[in-house]
Amino acid sequence: SVNIETIAGWLRVTRKAMSNIPGFVSFIQRRIPERFRNVIDSQVLYGDPTGSNPNDLKGILTTGNFIDQTTAVDKPVSEKLIDYISLFEDTHQRDANGILLRPAAFYSMFTQKSTTEEYTLPFGVTIEGGVARVLGVPIFTTTALNSTDIVVGDWANGAQLLTQEAMRVEFFAQDGNNVTTNKVTIRVEGNYALPVYGSDYFIKGTTARS
(Lines give C-alpha, C1' and ligand atoms only; values in the text may rest on other atoms or scores of the structure.)
Protein backbone atom coordinates (compact mmCIF):
# COMPACT_ATOMS: atom_id res chain seq x y z
CA SER A 1 0.00 0.00 0.00
CA VAL A 2 1.08 3.60 -0.60
CA ASN A 3 -0.17 6.91 0.69
CA ILE A 4 -1.68 9.63 -1.47
CA GLU A 5 0.62 12.60 -0.93
CA THR A 6 -0.02 16.30 -1.40
CA ILE A 7 2.89 17.83 -3.33
CA ALA A 8 2.80 21.59 -2.94
CA GLY A 9 4.76 24.83 -3.16
CA TRP A 10 4.09 28.53 -2.74
CA LEU A 11 5.51 32.01 -3.20
CA ARG A 12 4.50 35.59 -2.53
CA VAL A 13 4.53 38.37 -5.10
CA THR A 14 3.65 42.04 -4.86
CA ARG A 15 0.48 43.41 -6.35
CA LYS A 16 2.63 46.11 -7.96
CA ALA A 17 4.57 43.45 -9.90
CA MET A 18 1.34 41.74 -10.98
CA SER A 19 -0.12 45.05 -12.16
CA ASN A 20 2.89 46.81 -13.68
CA ILE A 21 5.11 44.13 -15.27
CA PRO A 22 3.77 43.20 -18.72
CA GLY A 23 3.11 39.47 -18.98
CA PHE A 24 4.02 38.84 -15.33
CA VAL A 25 0.91 36.82 -14.48
CA SER A 26 1.12 34.72 -17.63
CA PHE A 27 4.82 34.09 -16.90
CA ILE A 28 3.98 32.95 -13.36
CA GLN A 29 1.19 30.72 -14.65
CA ARG A 30 3.64 29.12 -17.08
CA ARG A 31 6.73 28.97 -14.88
CA ILE A 32 5.16 27.59 -11.70
CA PRO A 33 3.69 24.47 -13.39
CA GLU A 34 7.06 23.84 -15.05
CA ARG A 35 8.85 23.96 -11.70
CA PHE A 36 6.14 21.76 -10.17
CA ARG A 37 6.51 19.12 -12.87
CA ASN A 38 10.28 19.11 -12.28
CA VAL A 39 9.61 18.31 -8.62
CA ILE A 40 7.26 15.48 -9.57
CA ASP A 41 9.87 14.06 -11.97
CA SER A 42 12.47 14.13 -9.22
CA GLN A 43 10.17 12.47 -6.69
CA VAL A 44 9.11 9.74 -9.13
CA LEU A 45 12.79 8.82 -9.36
CA TYR A 46 14.30 9.67 -5.96
CA GLY A 47 11.53 10.65 -3.54
CA ASP A 48 12.23 9.34 -0.03
CA PRO A 49 9.44 9.70 2.56
CA THR A 50 11.70 8.28 5.30
CA GLY A 51 14.00 11.30 5.09
CA SER A 52 13.47 14.96 5.92
CA ASN A 53 10.38 15.20 3.64
CA PRO A 54 7.88 12.64 4.99
CA ASN A 55 5.25 13.59 2.39
CA ASP A 56 7.48 12.65 -0.55
CA LEU A 57 6.47 9.90 -2.93
CA LYS A 58 8.71 6.83 -2.64
CA GLY A 59 10.64 6.94 -5.92
CA ILE A 60 11.55 4.00 -8.11
CA LEU A 61 15.26 4.61 -7.40
CA THR A 62 14.78 4.66 -3.64
CA THR A 63 16.10 1.75 -1.56
CA GLY A 64 13.94 -1.35 -1.95
CA ASN A 65 12.45 -0.42 -5.33
CA PHE A 66 15.20 -1.40 -7.77
CA ILE A 67 17.98 -3.84 -8.70
CA ASP A 68 21.37 -2.30 -7.96
CA GLN A 69 23.95 -2.53 -10.76
CA THR A 70 25.91 0.62 -9.92
CA THR A 71 29.37 -0.95 -9.71
CA ALA A 72 31.63 0.89 -12.17
CA VAL A 73 32.66 -1.24 -15.15
CA ASP A 74 35.02 -0.14 -17.92
CA LYS A 75 32.52 -0.28 -20.78
CA PRO A 76 30.81 2.36 -22.92
CA VAL A 77 27.18 3.21 -22.19
CA SER A 78 25.79 1.18 -25.10
CA GLU A 79 27.50 -2.02 -23.91
CA LYS A 80 26.33 -1.48 -20.35
CA LEU A 81 22.77 -1.10 -21.58
CA ILE A 82 23.00 -4.43 -23.40
CA ASP A 83 24.29 -6.04 -20.19
CA TYR A 84 21.45 -4.54 -18.15
CA ILE A 85 18.78 -5.60 -20.66
CA SER A 86 20.19 -9.14 -20.70
CA LEU A 87 20.24 -9.34 -16.89
CA PHE A 88 16.76 -7.86 -16.64
CA GLU A 89 15.14 -10.21 -19.13
CA ASP A 90 17.10 -13.43 -18.49
CA THR A 91 17.81 -13.41 -14.75
CA HIS A 92 14.81 -11.46 -13.51
CA GLN A 93 12.44 -12.46 -16.33
CA ARG A 94 11.09 -8.96 -16.79
CA ASP A 95 10.23 -7.18 -20.02
CA ALA A 96 12.54 -4.24 -20.71
CA ASN A 97 10.41 -1.62 -22.45
CA GLY A 98 12.19 1.63 -21.63
CA ILE A 99 15.63 3.09 -20.91
CA LEU A 100 16.19 6.36 -19.06
CA LEU A 101 19.44 8.33 -19.54
CA ARG A 102 20.82 11.77 -18.83
CA PRO A 103 21.12 13.76 -22.08
CA ALA A 104 24.94 13.74 -21.90
CA ALA A 105 25.05 9.95 -21.57
CA PHE A 106 22.60 9.59 -24.44
CA TYR A 107 24.56 11.83 -26.81
CA SER A 108 27.84 10.15 -25.91
CA MET A 109 26.69 7.04 -27.78
CA PHE A 110 26.74 8.98 -31.06
CA THR A 111 30.36 10.11 -30.88
CA GLN A 112 31.82 6.70 -31.71
CA LYS A 113 34.15 6.69 -34.72
CA SER A 114 35.54 3.99 -36.95
CA THR A 115 39.27 3.59 -37.64
CA THR A 116 38.76 5.85 -40.66
CA GLU A 117 37.29 8.59 -38.43
CA GLU A 118 33.72 8.06 -39.64
CA TYR A 119 30.92 8.23 -37.11
CA THR A 120 29.19 4.89 -36.54
CA LEU A 121 26.34 3.73 -34.35
CA PRO A 122 27.36 1.33 -31.58
CA PHE A 123 26.29 -2.32 -31.96
CA GLY A 124 22.64 -2.82 -31.06
CA VAL A 125 21.75 0.88 -31.33
CA THR A 126 19.20 1.86 -33.97
CA ILE A 127 17.07 4.91 -34.73
CA GLU A 128 13.49 4.14 -35.71
CA GLY A 129 10.94 6.86 -36.33
CA GLY A 130 13.21 9.39 -34.65
CA VAL A 131 13.49 7.26 -31.48
CA ALA A 132 16.85 5.76 -30.51
CA ARG A 133 16.71 2.16 -29.30
CA VAL A 134 19.09 -0.41 -27.86
CA LEU A 135 18.14 -3.93 -28.96
CA GLY A 136 14.70 -2.52 -29.73
CA VAL A 137 14.20 -0.92 -26.30
CA PRO A 138 13.43 2.82 -26.64
CA ILE A 139 15.61 5.42 -24.90
CA PHE A 140 14.21 8.49 -23.12
CA THR A 141 16.23 11.34 -21.63
CA THR A 142 15.70 13.47 -18.54
CA THR A 143 17.74 15.84 -16.42
CA ALA A 144 15.85 14.55 -13.36
CA LEU A 145 18.33 11.65 -13.27
CA ASN A 146 21.46 12.03 -11.19
CA SER A 147 24.58 12.58 -13.29
CA THR A 148 25.79 8.97 -13.59
CA ASP A 149 22.54 7.00 -13.23
CA ILE A 150 20.98 4.74 -15.85
CA VAL A 151 17.56 3.08 -15.56
CA VAL A 152 16.34 0.06 -17.50
CA GLY A 153 12.84 -0.99 -16.56
CA ASP A 154 9.45 -2.46 -17.19
CA TRP A 155 7.71 0.90 -17.09
CA ALA A 156 4.39 -0.54 -18.23
CA ASN A 157 4.02 -2.87 -15.23
CA GLY A 158 6.53 -1.75 -12.61
CA ALA A 159 4.98 1.47 -11.31
CA GLN A 160 2.15 3.97 -11.79
CA LEU A 161 1.86 7.65 -11.03
CA LEU A 162 -1.73 7.94 -9.83
CA THR A 163 -3.43 11.35 -9.69
CA GLN A 164 -6.18 11.98 -7.17
CA GLU A 165 -6.25 15.75 -7.79
CA ALA A 166 -4.33 17.24 -10.70
CA MET A 167 -1.95 20.17 -10.33
CA ARG A 168 -3.71 23.47 -9.69
CA VAL A 169 -2.43 27.03 -9.27
CA GLU A 170 -4.35 29.33 -6.93
CA PHE A 171 -3.98 32.97 -5.84
CA PHE A 172 -4.75 34.18 -2.29
CA ALA A 173 -4.92 37.77 -1.10
CA GLN A 174 -5.88 36.79 2.47
CA ASP A 175 -2.79 35.03 3.82
CA GLY A 176 -0.38 36.02 6.59
CA ASN A 177 0.36 39.74 6.35
CA ASN A 178 -0.55 40.03 2.67
CA VAL A 179 -3.13 42.77 3.32
CA THR A 180 -0.70 45.05 5.11
CA THR A 181 2.21 44.37 2.74
CA ASN A 182 0.10 44.46 -0.44
CA LYS A 183 1.12 40.99 -1.60
CA VAL A 184 -0.52 37.91 -3.07
CA THR A 185 0.31 34.30 -2.19
CA ILE A 186 0.44 31.85 -5.09
CA ARG A 187 0.06 28.17 -4.25
CA VAL A 188 0.57 25.15 -6.52
CA GLU A 189 -0.36 21.66 -5.42
CA GLY A 190 -1.65 18.26 -6.48
CA ASN A 191 -2.36 14.90 -4.86
CA TYR A 192 -0.47 11.84 -6.12
CA ALA A 193 0.47 8.27 -5.24
CA LEU A 194 3.28 6.18 -6.71
CA PRO A 195 2.86 2.44 -6.19
CA VAL A 196 5.92 0.42 -7.23
CA TYR A 197 4.84 -3.18 -7.69
CA GLY A 198 8.04 -4.97 -6.76
CA SER A 199 11.77 -4.66 -6.19
CA ASP A 200 12.84 -6.08 -9.56
CA TYR A 201 10.98 -4.03 -12.17
CA PHE A 202 13.81 -1.53 -12.56
CA ILE A 203 17.59 -1.78 -12.83
CA LYS A 204 19.68 1.15 -11.65
CA GLY A 205 23.03 1.20 -13.43
CA THR A 206 25.83 3.71 -13.84
CA THR A 207 27.69 5.46 -16.63
CA ALA A 208 30.82 5.57 -14.42
CA ARG A 209 33.81 3.60 -15.72
CA SER A 210 36.35 1.88 -13.51
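Guide: Let us begin with contacts. In this predicted model, Arg-102 touches Thr-142, Thr-143, Ala-144, Leu-145, Asn-146 and Ser-147, once its neighbours within four places in sequence are set aside. Arg-102 sits in the loop between β3 and α4 (103–108).

Visitor: How many residues apart in sequence are Arg-102 and Leu-145?

Guide: They are 43 residues apart in sequence, yet their C-alpha atoms lie 6.1 Å apart in space. The side chain of Arg-102 comes to 2.7 Å from the backbone oxygen of Leu-145. Arg-102 itself is partly exposed, at a relative accessible area of 24%.

Visitor: How are strands arranged in a sheet, and in which order do the strands of the open sheet stand here?

Guide: In general, strands of a sheet pair through backbone hydrogen bonds, either parallel or antiparallel. Here 3 strands make an open sheet in the order β1-β9-β8, with antiparallel pairing. β1 and β8 are at the edges with a single partner strand each, so one side of each has no neighbour in the sheet. From one strand to the next, the twist averages 10 degrees. β1 and β9 are joined by 10 bridges, and Thr-6 stands opposite Asn-191 in β9.

Visitor: What lies across these strands?

Guide: Helix α2 lies across β1, β8 and β9, at about 35 degrees to β9. An α-helix has 3.6 residues a turn, so residues three or four places apart point the same way. The buried residues of α2 include Phe-24, Ile-28, Ile-32, Phe-36 and Ile-40. Among the elements covering the buried residues of α2 are β1, β8 and β9.

Conventions: Residues are numbered from 1 along each chain as its sequence is written. This is a predicted model: local features need pLDDT of at least 70, side-chain atom pairs count only at pLDDT 80 or more; totals for chains, interfaces and linings use all residues. Side-chain values use heavy atoms; hydrogens and water are left out. Buried means under 20% relative accessible area, exposed over 50%, partly exposed in between (1.4 Å probe, protein chains only). Helices (H or I, at least four residues) and strands (E, at least two) are DSSP runs, numbered from the N terminus. Contact means heavy atoms within 4.5 Å. A polar contact is a pair of N or O atoms within 3.5 Å; within protein, one must be able to donate a hydrogen and the other to accept it, and residues adjacent in sequence count only if both atoms are side-chain atoms. Two strands pair if DSSP finds at least two bridges between them. Axes are lines fitted to C-alpha atoms, for helices over the stretch in contact, and angles run from 0 to 180 degrees between N-to-C directions.
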